[in-house]
Amino acid sequence: MDLLLPYDALVLLSFGGPESAEEVMPFLRRVTAGRGIPDDRLEAVAHHYHLMGGRSPINDQNRALLDALHAELRRRGIAVPLLWGNRNSEPFLVDTLREAHEHGMRRVLVLTTSAYASYSSCRQYREDIAEAVATLADEGRTIVADKIRQYATHPSFARTNARLVTDAVRAAGQPDDALLRVAFVTHSIPVGMDDTSGPGDGEGNLYWHQHDELSHVILDEAGITLDRNLTGSLVFCSRSGPPSQPWLEPDVNDYLEGIAKDGVTDVVVAPIGFISDHMEVRYDLDVEAAETAERLGLRMTRVPTVGVDPEFVSGLVDLTEERAAEAREEPVDHPAWPGEAMPSTCRPGCCPNLRVAKSAACGTD
Ligand SMILES: CC1=C(CCC(=O)O)c2cc3nc(cc4[nH]c(cc5[nH]c(cc1n2)c(C)c5CCC(=O)O)c(CCC(=O)O)c4C)C(CCC(=O)O)=C3C
Ligand SMILES: [Fe+2]
């Protein structure tokens with residue numbers, strides 16, 4: 001069996017979520033601390049969790065992803081330990097890393113459950129890694145954490161999403177291109193956060209751009225496979241923040257209103273912004289958007305997220321091998337489609353924290 005040298009472990013790092021009604025408010029307070037989220041929004045989101053019995057599906061989805069990663073690593077003969085930590089709920093990253101250190105591990109590779117550029121999807125994870133590493137340093141434990149590159153532009157992510165959308169369009173059973181739309185959905189973020197997303201060389205809007213580019217190649221691929229002329233749009237869900245602050249639009253529900261007015265009858269909803277069917281998908285799409293569609297008389301087909309799809313999981317394991325080769329300073333390819341490979345070590349000032357200066361791991365700043 002090979003190892004994933006120089007790494008002593010692979011750590012899955014996720015957002016986290018509550019697993020019981022009592023955990024909902026502490027979780028929400030942790031997530032929104034210092035983020036300026038209005039109380040009525042917090043109450044609404046707490047209600048979404050309570051509708052699901054206080055249990056977010058995200059932790060079970062991560063357990064399934066860990067099993068799938070474990071199986072693929074073993075299939076390739078890689079015997080690296082696989083650990084799991086969250087940013088906002090147990091098991092907390094700092095506890096996972098402390099236990100790793102107790103077991104003699106000194107350098108770990110982190111894989112996050114977030115694919116794109118932006119402060120929320122990349123730097124915030126890096127800040128939390130830095131904080132965990134600093135806490136352990138205060139305890140006299142030195143541990144180094146590297147990270148695989150953001151994988152929104154890894155070909156396995158695009159290919160898996162393209163296949164899932166193709167299958168869903170086929171299943172929707174509306175043969176008339178003019179009556180069908182594909183809505184590519186991602187998490188809305190503040191416009192200012194999108195404007196500053198990217199490597200920090202002045203371009204910005206990389207969050208929006210990566211989603212937009214991926215939507216286009218998926219439409220092309222599905223169109224070619226099905227021999228159809230498909231149309232669609234990038235739309236957003238889960239807006240938070242005060243009404244005075246602009247966030248990316250259109251909201252998925254407003255988009256549905258618009259296409260219904262245009263006489264469209266069928267919508268395929270593809271949550272390409274997320275890698276598993278967590279609350280944003282289960283509530284904001286499967287409950288809220290589904291109700292909007294029903295009210296408008298639109299037939300809605302929801303595309304699954306990449307989840308534990310073998311092609312996606314295999315791509316993630318490719319990325320861990322790629323990062324390990326980089327760390328060993330061996331020549332290595334960085335396959336990317338569509339667009340460019342993101343660096344595994346972020347540049348200074350990329351996807352900045354617009355509120356407070358905080359140190360972030362896995363970067364050159
Ligand atoms: C880009 C992005 C992703 C995708 C990348 C990634 O996956 O990380 C994501 C994922 C997630 N977001 C999640 C939950 C929440 N996000 C919130 C708030 C916010 N999200 C933001 C952005 C994102 N969020 C932003 C800009 C805010 C405003 C506050 C701030 O500026 O930080 C709030 C507070 C209440 C509210 O306002 O909604 C909650 C509860 C869960 C867990 C779901 C579950 O339990 O199944 C997951 C996977
Ligand atoms: Fe969020």
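**Figure 1. Helix α4 on the sheet of β1, β2 and β3.** In this predicted model, helix α4 (residues 93–102) lies across β1 (9–14), β2 and β3. Its axis runs at about 150° to β2. Axes are lines fitted to C-alpha atoms, for helices over the stretch in contact, and angles run from 0 to 180 degrees between N-to-C directions. Contact means that two C-beta atoms, placed from the backbone, lie within 7 Å. Helices (H or I, at least four residues) and strands (E, at least two) are DSSP runs, numbered from the N terminus. Local features need pLDDT of at least 70, and side-chain atom pairs count only at pLDDT 80 or more, while totals for chains, interfaces and linings use all residues. Residues are numbered from 1 along each chain as its sequence is written, with chains lettered from A and ligands numbered from 1 in the order in which they are written.

**Figure 2. The sheet β2-β1-β3-β4.** These 4 strands form an open sheet with parallel pairing. Two strands pair if DSSP finds at least two bridges between them. β2 (82–86) and β4 (144–147) stand at the edges with a single partner strand each, so one side of each has no neighbour in the sheet. Neighbouring strands are turned by 30° against each other on average, direction ignored. Strand β3 (residues 107–112) is joined to β4 by 4 bridges. One pairing to inspect: R107 has V144 in β4 as its bridge partner.

**Figure 3. The sheet β6-β5-β7-β8.** This open sheet also has 4 strands, and its pairing is parallel. The edges are β6 (232–237) and β8 (299–302); each has a single partner strand, so one side of each is left without a neighbour in the sheet. Here, neighbouring strands are turned by 30° against each other on average, direction ignored. Strand β7 (residues 266–270) runs parallel to β8, with 4 bridges joining them. V268 has T301 in β8 as its bridge partner.

**Figure 4. Helices α8 and α10 on this sheet.** Helix α8 (residues 206–226) lies across β5 (180–187) and β6. It runs at about 140° to β6. Helix α10 (residues 279–296) lies across β5, β6, β7 and β8. Its angle to β8 is about 165°.

**Figure 5. The shell around ligand 1.** The shell holds 25 residues, and the closest are G17, S56, S240, H278 and M279. A residue is near a molecule if its C-beta atom, placed from the backbone, lies within 6 Å of it. Two or more residues come from each of α1 (21–32), α2 (39–51), α5 (119–138) and α10. The largest share, 3 residues, comes from α1. By class, the shell has 9 nonpolar, 13 polar and 3 charged residues. Ala, Val, Leu, Ile, Met, Phe, Trp, Tyr, Cys and Pro count as nonpolar, Asp, Glu, Lys and Arg as charged, and the others, Gly among them, as polar. Domain 1 and domain 2 each give at least three residues to the shell.

Figure 6. The assignment gives domain 1 (9–151 + 309–327) and domain 2 (155–302). Domain bounds come from an automatic or database domain assignment. The C-alpha centres of the two domains lie 25 Å apart. The contact takes 26 residues from domain 1 and 23 residues from domain 2. On the domain 1 side, α2, α3 (58–75), α5 and α11 (310–327) give two or more residues. α11 gives the most, with 5 residues. This side of domain 1 has 12 nonpolar, 10 polar and 4 charged residues.
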